[in-house]
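Take a look at the structure below. Keep it in view as you read the report.

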Number of protein chains: 4
Amino acid sequence: MKHNKKGLGILTGGGDCPGLNAVIRAITKTAINVYDYEVIGFIDGFKGLVENQYITLDMETVSGIAHTGGTILGTTNRDNPFRYITGGTPEKPEFTDQSDRAIENIKRLGLEGLIIIGGDGSLNIAQKFFEKGVPIVGVPKTIDNDLSATDVTFGFNTAVDTASEALDRLHTTAESHHRVMILEVMGRYAGWIALHAGISGGADVILIPEIPYDINKVVNKIMQRYRLNKKFSIVVVAEGARAKDGEMVIQKMVPASHDPIRLGGIGHKVAEEIEKLAGVETRVTVLGHLQRGGSPVPYDRILATRYGVAAMDAFARGEFGSMVSLKGTEIVTVPLVEAIKKLRKVPLDSDLIHAAKSVGISFGD
Amino acid sequence: MKHNKKGLGILTGGGDCPGLNAVIRAITKTAINVYDYEVIGFIDGFKGLVENQYITLDMETVSGIAHTGGTILGTTNRDNPFRYITGGTPEKPEFTDQSDRAIENIKRLGLEGLIIIGGDGSLNIAQKFFEKGVPIVGVPKTIDNDLSATDVTFGFNTAVDTASEALDRLHTTAESHHRVMILEVMGRYAGWIALHAGISGGADVILIPEIPYDINKVVNKIMQRYRLNKKFSIVVVAEGARAKDGEMVIQKMVPASHDPIRLGGIGHKVAEEIEKLAGVETRVTVLGHLQRGGSPVPYDRILATRYGVAAMDAFARGEFGSMVSLKGTEIVTVPLVEAIKKLRKVPLDSDLIHAAKSVGISFGD
Amino acid sequence: MKHNKKGLGILTGGGDCPGLNAVIRAITKTAINVYDYEVIGFIDGFKGLVENQYITLDMETVSGIAHTGGTILGTTNRDNPFRYITGGTPEKPEFTDQSDRAIENIKRLGLEGLIIIGGDGSLNIAQKFFEKGVPIVGVPKTIDNDLSATDVTFGFNTAVDTASEALDRLHTTAESHHRVMILEVMGRYAGWIALHAGISGGADVILIPEIPYDINKVVNKIMQRYRLNKKFSIVVVAEGARAKDGEMVIQKMVPASHDPIRLGGIGHKVAEEIEKLAGVETRVTVLGHLQRGGSPVPYDRILATRYGVAAMDAFARGEFGSMVSLKGTEIVTVPLVEAIKKLRKVPLDSDLIHAAKSVGISFGD
Amino acid sequence: MKHNKKGLGILTGGGDCPGLNAVIRAITKTAINVYDYEVIGFIDGFKGLVENQYITLDMETVSGIAHTGGTILGTTNRDNPFRYITGGTPEKPEFTDQSDRAIENIKRLGLEGLIIIGGDGSLNIAQKFFEKGVPIVGVPKTIDNDLSATDVTFGFNTAVDTASEALDRLHTTAESHHRVMILEVMGRYAGWIALHAGISGGADVILIPEIPYDINKVVNKIMQRYRLNKKFSIVVVAEGARAKDGEMVIQKMVPASHDPIRLGGIGHKVAEEIEKLAGVETRVTVLGHLQRGGSPVPYDRILATRYGVAAMDAFARGEFGSMVSLKGTEIVTVPLVEAIKKLRKVPLDSDLIHAAKSVGISFGD
């Protein structure tokens with residue numbers, strides 16, 4: 001990239017999340033319109049940074065992408081420049097630190113620095129680059145909404161929308177067939193999606209990692225409804241939910257090497273116990289990847305646009321080592337190092353849990 | 001039911017299907033508005049008929065239900081009056097013929113006969129009642145669209161819509177992450193949903209029961225795309241698809257009694273083989289019950305309404321032992337006995353398969 | 001276009017219609033995959049043909065467009081090569097016959113012929129070119145579904161979906177506020193959209209061009225509902241509906257040159273009369289362009305794909321002067337000259353009208 | 001209502017808004033589950049309060065209504081107990097103060113007080129009743145999101161969703177036909193819907209009441225795009241937008257008494273000027289009532305549920321004369337008297353406007 005203008009590099013890291021393209025578009029348009037930068041996007045996240053693979057981002061490239069899912073830059077949730085696979089076998093890879101090679105690329109391309117859009121893992125890498133002197137601004141991305149340094153992340157409301165619509169579909173079948181229908185949603189460490197979708201979709205039971213459940217309490221709720229002639233129940237289970245005395249039972253997404261494949265996650269475990277204890281037909285739906293894809297809802301398109309513009313503003317102001325964040329109705333910046341410190345779990349005294357319990361939803365506690 | 005008016009009974013049998021309520025509404029409104037009948041609906045399908053459990057259906061009961069999923073009458077896909085559970089244990093039930101008891105109820109309630117909305121199984125029972133002298137008109141219901149006596153059944157286009165939207169969601173993630181994404185949809189014996197959703201959702205591979213697949217052909221398609229720098233593929237698999245040399249591998253929906261549960265259906269089997277043979281990250285989503293629930297799309301609301309009106313018309317004309325059916329743009333009636341004779345599979349010379357292949361979709365053959 | 005391959009030109013004419021891109025994609029993919037053609041697309045319909053403006057259509061150009069609205073080729077509903085504007089002023093244009101210039105372009109580009117996707121007007125022009133010796137295959141496009149030579153046209157079910165969803169939205173407000181809500185939909189000469197959307201969306205009154213209405217009958221229906229304590233009504237009006245003794249009152253879409261603009265179409269006329277005669281608060285929504293845009297529903301994506309493939313097949317077979325058409329479940333070809341002969345109006349003995357009346361819908365007759 | 005329990009009355013006032021039923025459900029469930037109240041709902045807002053028309057709200061009444069639009073209690077935006085129509089003619093009504101009659105009803109029904117869900121007008125009335133000694137808690141309702149005392153109101157995100165989807169539909173037609181498409185949305189005094197929908201839907205121009213526009217600036221933006229070969233533009237206009245030197249031109253929703261009806265609002269005025277000044281075909285769509293109806297999006301269902309629970313909590317705590325409100329991520333209470341003091345307009349230094357301008361959106365200023 002030979003140019004007289006200032007240069008900026010963007011990359012997206014980690015799992016898919018609706019709104020990534022709206023962020024890329026907003027950064028690029030602001031960089032060009034307002035600050036007169038040239039912008040490049042590294043391909044497939046940190047891998048492109050190490051391998052020096054990138055595309056130029058101009059007004060045409062980012063035109064008409066705000067409402068699309070995925071990321072036009074590609075992404076992986078594997079590659080880490082500080083521990084990069086440079087040899088060995090797929091089973092036994094060898095890792096070396098390729099961060100200096102990445103920094104060399106940044107220099108050779110004449111970039112002032114990077115805006116990195118990613119989750120916990122990617123922002124940790126971003127912080128390490130910042131500590132090595134690379135000017136960095138971060139944009140938080142987590143569909144689970146579990147980053148402590150921001151109120152809401154883009155993609156979350158789209159995931160809630162998808163899960164809520166799934167509950168609407170399951171509701172009618174549950175009622176017609178007098179069944180318990182279980183929907184397993186994302187949320188390994190925090191139950192935000194389950195909680196929001198459960199309230200929105202009229203769930204009877206919500207099980208989240210923050211509140212270990214007693215299966216008897218769950219069954220009691222179902223039987224209590226049965227006695228009121230409500231012969232069906234809707235249960236939303238976060239994938240990281242666990243019994244009071246139990247461990248996490250994560251559904252395996254990658255097919256294993258034997259056949260047939262063992263795949264039951266927590267949703268299936270809960271289903272089995274309900275069938276056994278309550279004697280009611282129970283069915284499980286695992287929403288899985290449907291939560292990460294598709295067109296972002298307007299809320300997320302707008303939040304992603306605000307994030308992108310604010311990140312570029314912060315970059316132009318030289319506010320490096322920071323991350324953009326939503327606090328109330330305002331976009332602010334926070335130090336990256338704080339952002340990655342801890343997860344944002346659902347507080348037990350949250351008014352959302354209080355509201356859910358008040359309208360009769362059981363958390364199995 | 002004491003009355004001076006003619007009486008009609010309705011029931012819904014078999015699995016859930018979007019549009020059932022629109023049929024119930026159309027029969028009821030036509031019966032009351034046009035033919036001056038009183039209408040009752042038996043609760044939970046044939047079980048209500050045997051146990052004499054029913055509700056009165058009037059204009060108020062059926063108001064505002066055309067756009068809702070499920071059935072206000074409830075349904076089961078277990079109970080058969082000719083082989084009814086009257087003793088034993090859940091593991092080892094005892095069956096007796098309770099069809100005379102059902103007929104007795106019909107008489108006692110002063111009903112002229114029944115309109116039965118159901119799939120293959122329920123229409124078989126309907127035919128048996130007709131043979132025993134009960135005036136019957138049938139309305140076909142199968143989300144798989146596999147009844148030979150009608151061009152289209154209600155609920156099918158809603159299921160295609162749901163599956164197609166799921167493909168839209170998976171598409172962006174597949175592309176961003178360079179993955180193969182597999183969507184397993186319904187269709188145990190016929191691949192209509194997979195075929196329609198696959199064409200609509202831009203699938204690269206569609207596997208259906210009618211065309212046993214060669215996994216190497218599937219992998220070839222994926223690798224051919226890879227070489228054209230399309231590093232992702234979308235595969236739609238009907239649950240009844242099977243390899244040329246293989247057997248059907250149906251996903252178990254009921255949780256088993258051991259833990260963790262073995263659940264892998266054909267989608268997971270195909271995923272495992274693609275990962276092994278192509279070395280590409282592959283993910284599976286099983287759409288499951290999401291296909292049977294939710295608000296019917298307009299096409300299905302209209303078809304269900306036409307079916308309901310035509311069924312009542314046929315009933316009033318005394319055309320018993322018949323079933324309503326869509327032929328081209330017309331609603332006609334066909335003998336029930338023909339309707340249940342054979343499945344409507346996807347013909348291998350169908351212009352749909354031809355069209356799919358012409359735009360580059362592989363069936364693994 | 002210098003090439004050793006056979007050449008084909010495509011163009012889209014007339015108003016916007018969801019599914020155009022799916023047709024373009026299917027023709028292009030089939031032409032390249034199956035018949036080894038090179039394909040170009042003329043820009044902005046017949047204008048591009050006269051002006052020799054085109055783009056090359058290859059696999060990349062048509063990738064990922066099946067689910068998008070609009071047409072990547074652009075369209076106009078003005079330009080006619082046989083009566084082409086070549087001078088004068090916007091107010092008083094001068095027309096000349098430029099069809100020979102168009103034919104010259106076709107020859108110079110080495111095209112074997114054209115596939116023309118368009119409505120009544122465009123297919124008429126297509127027929128004229130065919131009569132002048134140009135090999136032509138037509139693909140019918142009319143959102144109103146009013147072409148007599150085919151059972152259904154793509155785009156129609158998407159328009160019905162949009163109108164039906166609008167009715168769902170209006171329903172709740174009508175009920176909460178005890179109002180009459182009127183939705184004016186497209187359909188200047190045929191009432192298909194109004195009829196389908198009205199049945200699907202639970203309308204109480206449907207007014208279509210085929211059945212001139214008596215406003216007193218409309219008001220009677222509304223008052224009759226009022227007496228049954230249903231203090232709201234939903235009325236769907238096709239833009240071409242008219243009173244028994246009245247003329248068509250088409251809403252003007254182009255702003256006029258005075259201010260404020262007179263815009264009331266038939267929807268507003270009916271609203272005014274209902275308010276006057278029934279004394280009930282009445283509101284009008286004109287759906288307008290919302291019906292023509294957006295992503296096609298799966299039904300339309302599939303039909304458009306089948307049309308595109310069948311058109312290319314017919315072209316390759318040399319079946320010129322024909323148009324593809326859906327008859328029942330089959331795609332067939334019919335002579336273009338027949339296709340453009342007459343409109344397909346809603347037959348008064350249609351089972352759709354019968355069904356609508358049976359469930360209590362009034363047509364004001 | 002004879003009872004040993006405490007009593008509570010609810011009513012909904014003002015225009016329709018998605019989420020009203022979710023609020024009613026949450027108040028009722030919390031009142032019964034948590035605080036052991038009996039709850040009644042007055043029919044048709046303040047009219048039911050004056051006329052003593054109500055229904056009992058129990059768990060069954062409010063079951064399954066959270067996802068429905070409208071209000072099961074009915075509403076009007078006319079009736080004011082302090083200035084109630086008690087005589088005269090429709091053209092020249094006579095008003096008297098019937099507030100004492102309303103208070104008498106509250107006493108006779110043994111109610112402790114009221115929870116009033118409504119907008120500016122209804123909350124003003126609520127405050128007056130509070131000042132006369134009636135224990136009142138308010139729940140803010142305004143689809144325009146223009147109440148100063150709360151960050152967001154329920155219904156707003158649903159309206160943005162509807163408007164944003166409409167823009168997606170108009171986009172493809174605009175692009176295919178090289179047109180300017182104008183969408184007129186609600187927002188008489190504040191441009192929140194236009195601003196959010198415009199950013200989400202990729203508008204090129206957004207006109208809001210807070211920023212009087214210069215039509216030449218609007219035309220410049222459109223022509224500038226034209227020169228970049230973007231031969232179409234999308235303009236979102238809030239109904240209360242006005243030119244720098246102009247007055248508000250509100251679209252008349254009620255049909256007038258002459259024919260044809262003058263209906264042009266600001267959208268049509270802007271369209272006319274663009275056609276005249278830019279010479280580009282321009283079309284207007286007035287979204288109207290479609291923005292107020294339909295099923296609330298999950299965000300609104302959740303916010304409405306939190307509001308309902310919090311209002312009942314505040315009522316039970318005796319926090320009368322207050323209104324529930326969202327501040328950041330928390331639900332709090334604020335004095336009613338403050339809530340009704342002033343409108344919440346879009347601040348000119350809002351980061352939303354900054355973000356919109358940064359990505360290239362013009363406000364005509």
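This report on a predicted model goes through the contacts between its chains.

## Chain A meets chain D

Chains A and D touch. The contact joins 38 residues of chain A to 38 residues of chain D.

Which parts of chain A supply at least two residues each to the side that touches chain D? There are helices: helix 1 (20-33), helix 5 (156-177), helix 6 (192-200), helix 9 (298-317) and helix 11 (351-358). Strand 13 (330-335) belongs with them. Helix 9 of chain A gives the most, with seven residues. By class, this side of chain A has 15 nonpolar, 14 polar and nine charged residues.

## Chain D meets chain C

Chain D also touches chain C. Here 43 residues come from chain D and 43 residues from chain C.

Now stay on the chain D side. Helix 5 (156-177), helix 8 (266-278) and strand 11 (282-286) of chain D each supply at least two residues of the side that touches chain C. Which of them gives the most? Helix 5 of chain D does, with ten residues. The residues on this side of chain D divide into 20 polar, twelve nonpolar and eleven charged.

## Pairs without contact

Some pairs do not touch. No contact joins chain A and chain C. How far apart are the closest C-alpha atoms of chain A and chain C? They lie 11 Å apart.

Chain B and chain D have no contact either. The closest C-alpha atoms of chain B and chain D lie 11 Å apart.

Technical notes:
Residues are numbered from 1 along each chain as its sequence is written. Chains are lettered from A and ligands numbered from 1 in the order in which they are written. This is a predicted model: local features need pLDDT of at least 70, side-chain atom pairs count only at pLDDT 80 or more; totals for chains, interfaces and linings use all residues. Two residues are in contact if their C-beta atoms, placed from the backbone, lie within 7 Å. Helices (H or I, at least four residues) and strands (E, at least two) are DSSP runs, numbered from the N terminus. Ala, Val, Leu, Ile, Met, Phe, Trp, Tyr, Cys and Pro count as nonpolar, Asp, Glu, Lys and Arg as charged, and the others, Gly among them, as polar.
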